[in-house]
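Dear colleague,

Here is the structure we discussed.

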Amino acid sequence: MLRSLGYALFLAPAFVLQAAAQTPAPLAGQGCLGCHGSAGQGQGPVAALAGRDRGEIIAAMRAFAANERPATIMNRIARGYTDAEIEAIAAWFAAQPR
Amino acid sequence: MSLHPSRRAILAGLAAGLAAPSIGRAQATARLVIVGGGFGGASAASFARRAHPELDVTLVEPQRSFVTCPYGNLVLAGRRGLDSITHSYDGLRARGVRVVHDRAAEVDPTARRIRLAGGEVLGFDRAILSPGIALRWGAIEGYDEAAAQRMPHGWVPGDGSQTRTLRRMLEEMPDGGVVGLAIPGNPFRCPPGPYERISMIAEYLRAHKPRSKILALDAKEGFSKQALFQDGWRALYGDMIEWVPASRDGKVTRVDPAAMEFETEFGTRHRVAVGNVIPPQRAADIAQPFANEGGWVPVDPVTFEARNAPGVHVVGDANAGTPMPKSGYVANSTAKQAVAAAAALLRGEAPPEPVYFNTCYSHVGPEYGISVVGVFRAGPDGIAEVSGSGGVSPRGDLPEQRRLEALYADAWYDSITGEMFG
């Protein structure tokens, strides 16, 4: 999986890569960027989300919302978003370069 | 003229990458003029270039660089220098934003023109105003611009001189002196800000002038994250801080800067060594034609257009955006929604459904942070917090929670300013 993705990136012309990198986060996910970074790169102890597995992000958000995962602040945040929003946000982060 | 969308995106991307905004502008279809280069305006400009490269973006801001309100309290604590909270507009220029260092003097929403103090007139298809607040000089008797030299407000950073003055006064005061704060009623910029300031001043005094006191005179009965702040104050600073609500004569109605005295509603006079007056506020002058009786601009909850000026979106502290707080994060969030709405309306499409996001972290002491979170949506009765979400940090003896929130606060500051100015 990782190898095929690397291969695709290797073949992609530079301008396609640039266009992909510049696809903005879904509006519902714009609020994430103020802490997790404008490209999801993370900052200090705030987790990097760029390139993380989509399903892993979705599962984490569901667990935060249900108070089933230890949280400092994400539990309060996760409960504000719909499943569809979380799925779209997770897909965007997953598509960002690490 | 029509370019294939992908080709246009590539050209715009190249223009941004090469820092040649004139190429981008030649292809542009619509002019977005943004007034104010703070959290709302810089966020709008950056987001417009990232998400809507077809827009021609001009940012009007008198200051050559931006000193943030957030983290100003850490300068007062002596933890940070002003340089570390001062940001250049070069990053926005490199993204293809035309930055005009002038003051917007008048907005004509009908002719869609903004006149600048220097004489230039900017036509716009959509305008975003994020001009921030003006202080109500004279609302507290004796508190005018001259008085603010002796009793700084430190609430509109400008070139940083107010924050610098307040810090210098704290450094020069004797151990055992009283630091007085006058805190306004709602609504005002940054609801937890005065209480973080109390905390950061206490942190400095405890380390350097431990016999000193802080007298916080408040025009309100309660405040943001109150229980968390007061828990922290007791734990970290003992009896150094006295907070006085309006019902116990906390409302300051007059100041005498020459005598360094605060006078309250019922005539009590308090002598202070350092006086920090945070006066009542309203939207900045440029937004006043669109404001209500309270001085704030009522806005559409989805587009953030002024109710009386379609095409003019008002974000940041200047609007009447309740129940959302006047915070940097809300300014950032609503600015993006306003840009997305403006871009949709310019294409003849419906504006997107908004999700507004806020987190306000406050530092209470070393390795001690607290927060309030809010997720908001537009409903039939205006903007409302999503039920069951958000809220404040848990109370109790939770050192790891406090330590992490202090670290997250620092990460927030770096991430959001990086997004705005990077």
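Predicted model: local features only at pLDDT ≥ 70, side-chain atom pairs only at ≥ 80, totals over all residues.

Residues are numbered from 1 along each chain as its sequence is written, chains are lettered from A in the order in which they are written, and side-chain values use heavy atoms, without hydrogens and water.

Interface. Chain B puts 37 residues in contact with 28 residues of chain A (contact: heavy atoms within 4.5 Å). About 2600 Å² is buried between them, 60% of it from carbon and sulfur atoms (accessible area, 1.4 Å probe, lost on being put together and summed over both parts). On the chain B side, Phe357(B), Tyr408(B) and Ser415(B) lose the most area, together 18% of what that side buries.

Two salt bridges link the chains (a side-chain nitrogen of Lys or Arg within 4 Å of a carboxyl oxygen of Asp or Glu). Glu405(B) and Arg76(A) form a salt bridge at 3.6 Å, N to O.

Helix pair. Helix H8 (residues 193-208) and helix H9 (residues 226-237), both of chain B, pack at about 5° with axes 11 Å apart (helices: DSSP runs of H or I, at least four residues, numbered from the N terminus; axes: lines fitted to C-alpha atoms over the stretch in contact, with angles from 0 to 180 degrees between N-to-C directions). H8(B) and H9(B) are therefore roughly parallel (angles under 35 degrees). Residues in the contact include Tyr195(B) and Ile198(B) of H8(B) and Phe229(B) and Trp233(B) of H9(B).

Regards

Conventions: Helix = DSSP H or I, 4+ residues; strand = E, 2+ residues; numbered from the N terminus. Parallel < 35°, antiparallel > 145°, perpendicular 65-115°, else oblique. Buried area = accessible area lost by both parts, 1.4 Å probe.
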